[in-house]
Amino acid sequence: GDEVDVDRAADAARAAFPKWSSTSRTERADVLAKLADRLEARADEIAGLICDEVGTPLRTAQRIQASLPVTVLRSYVDLLSAGDEPERIANTMVLREPLGVVAAIAPWNYPLHQVVAKLAPALAAGCTVVVKPSEVAPLTTSILLDELDRLDLPPGTVNLVNGRGHEVGAALAAHPEIDGVSFTGSVRGGTAVSMAAAPTVKRVTLELGGKSANVVLDDADLDLAVKVGVSNAFLNGGQTCTAWTRLVVPRPLMSRALELAEQFAAAFAPGDPRAASTKLGPMASASHRDSVREYIQRGIDDGSLLVTGGPEVPTGFESGFYVRPTVFGDVDPNAAIAQEEIFGPVLCVLGHDGDEDAIEIANNSRFGLHGSVWSADHDRAMAVARAMRTGTVDVNGASYNPLAPFGGYKQSGNGREMGRYGLEEFEEVKSIQVKETF
Ligand code: NAD
């Protein structure tokens, strides 16, 4: 696609807006419920495609990549079914109305989920949408659009433009007929979108990168914290925005933590992502593999302790975009590998000298997306969780909640996705002052 396609898509979405925005909540819930059923029916195909495109191990692709979009769609069916009484503030009735025509620009690492996390609330709110998936992993968005096409929506309600970011993405961000852009991707892409969007004063929601800290306090179960921490850091080959890429452990426990990290990292031997036993597939692209390997080399050059892994091609994987699962120990909190988002299977272990120091290390980042804290003492864990300048924190490995607001502090972005907070990103708020009681 190109800029001409963006014009056509934006015009089609604008033309569809009056009709779609006047549908009832029940009608919209019905569309989202049907879409969820249809994606669920094609889950194996979706998981297989993402395994091929991104290199996500097939089992992870089934468990997360194919199933999370269905969960998200159904969460919005539930929200729409829950009723919607206007708020009243003194003599004002506060209405929530659809934002208008919105663009959804998505990355490649969880390609269908990232699109659905925008599309579902946008449609639920009554917006019409132009979707631009990542050029690296666009295929499952085409399945999504095929299924939407069979649902008999007003023509133009959802539009797909494939293409490159600097061309199609930039044209969407700047377009005068688009009222809002929801962008997930890199800081570089997000700032470009914000700048392109500024002259038209459209709303911009950004979900950007992360360098999340997994803080282990001295009373925690170290074995469990490191085990869960390594799995989290290496999920989807480390190509996860929320990955806990900095493991922050009490300094006296550093050598034990490194032993454990090495042991658990060994379970992430690179392998064919289609094989059932594989936990670490290839990186999504050759250029991305090169970038991850350069960061590993940089860690070595900067003097960090290489515990396991390294920049070499893993033995037996000379073809394909494979990287060795890598752990660095005793890393300086200001080192490049502790500050920059590597987006590969690279874990940095840092030492702390107590809770205050751990908080300072965790917050020593331009990012603020996610974090984790482990302690046997709930109040102590909560105090650290509160002090972390991040949009989400997991305490003692608590599970992900798809209804909870998700988003970043600092350069990890602005705005929130998922659940009710995700819906509000696609709504305008109107105050109507009335004289009589209502
Ligand atoms: P990217 O920024 O390169 O691309 C993301 C999307 O933006 C793609 O569709 C791309 O075509 C488009 N794009 C790129 N430049 C653009 C521009 N100038 N104008 C408009 N659109 C543009 O990111 P990526 O490599 O696809 O994804 C990886 C990044 O995404 C990582 O930084 C990761 O942390 C982040 N991410 C964040 C979240 C989150 O929810 N916070 C989730 C997943 C990924």
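Let's start at the ligand: of the 28 residues around it, Ala106, Glu135, Ser186, Leu208 and Glu341 come nearest. Around, or near, here means that a residue has a heavy atom within 4 Å of the molecule. Before I go on, please keep in mind that this is a predicted model, where local features need pLDDT of at least 70, side-chain atom pairs count only at pLDDT 80 or more, and totals for chains, interfaces and linings use all residues. Residues are numbered from 1 along each chain as its sequence is written, and side-chain values use heavy atoms, with hydrogens and water left out.

So what touches the ligand's oxygen atoms? I'll be talking about polar contacts, which are pairs of N or O atoms within 3.5 Å; within protein, one must be able to donate a hydrogen and the other to accept it, and residues adjacent in sequence count only if both atoms are side-chain atoms. Alanine 106 uses a backbone N or O atom, 2.7 Å from a ligand oxygen. Lysine 132 brings a polar side-chain atom to 2.9 Å from an oxygen of the ligand. For glutamate 135, an N or O atom in the side chain sits 2.7 Å from a ligand oxygen. How much of the ligand does the protein bury? Taken alone the ligand exposes 840 Å², and the protein buries 88% of that; the areas come from the Shrake-Rupley method with a 1.4 Å probe, and for residues only the protein chains shown count as cover.

Which elements give two or more residues to this shell? They are helix H8 (165-174), strand S6 (180-184) and helix H9 (187-197). Helices (H or I, at least four residues) and strands (E, at least two) are DSSP runs, numbered from the N terminus. By type, the shell divides into 14 nonpolar, ten polar and four charged residues. In that count, Ala, Val, Leu, Ile, Met, Phe, Trp, Tyr, Cys and Pro are nonpolar, Asp, Glu, Lys and Arg are charged, and the others, Gly among them, are polar. Domain 1 (3-208 + 412-433) and domain 2 (213-395) each supply at least three residues of the shell, with bounds from an automatic or database domain assignment.

Strand S6 takes us to a sheet. Six strands form an open sheet in the order S5-S4-S3-S6-S7-S17, with mixed pairing; two strands pair if DSSP finds at least two bridges between them. Strand S5 (158-160) and strand S17 (413-414) stand at the edges with a single partner strand each, so one side of each is left without a neighbour in the sheet. Further in, S6 and S7 run parallel, joined by five bridges, and serine 182 stands opposite threonine 205 in S7.

Now to another strand, S11 (residues 326-329). In general, side chains in a regular strand alternate between the two faces of the sheet. Here Thr326 and Phe328 point one way, Val327 and Gly329 the other way, and all are buried. Buried means under 20% relative accessible area, exposed over 50%, and partly exposed in between (1.4 Å probe, protein chains only). Strand S10 (residues 305-308) pairs with S11 in the antiparallel sense over three bridges, whereas S11 and strand S12 (residues 346-352) pair in the parallel sense, also over three bridges. Valine 327 is the bridge partner of threonine 308, and leucine 347 in S12 is a bridge partner of valine 327.

Let me finish with a few single residues. Is glutamine 239 buried or exposed? Glutamine 239 is buried, because its relative accessible area is 1%. It lies in the loop between helix H10 (222-234) and strand S9 (246-250). A polar atom of its side chain is 3.0 Å from the backbone oxygen of asparagine 236, and the side chain of glutamine 239 also reaches the backbone nitrogen of alanine 284 at 3.0 Å.

Valine 201, in the loop between H9 and strand S7 (203-207), has a phi near 50°, a positive value in a residue other than glycine. With a relative accessible area of 72%, valine 201 is exposed. Asparagine 396 also has a positive phi, of about 50°, although it is not a glycine. Its place is the loop between strand S15 (394-395) and strand S16 (409-410), and at 37% relative accessible area asparagine 396 is partly exposed.
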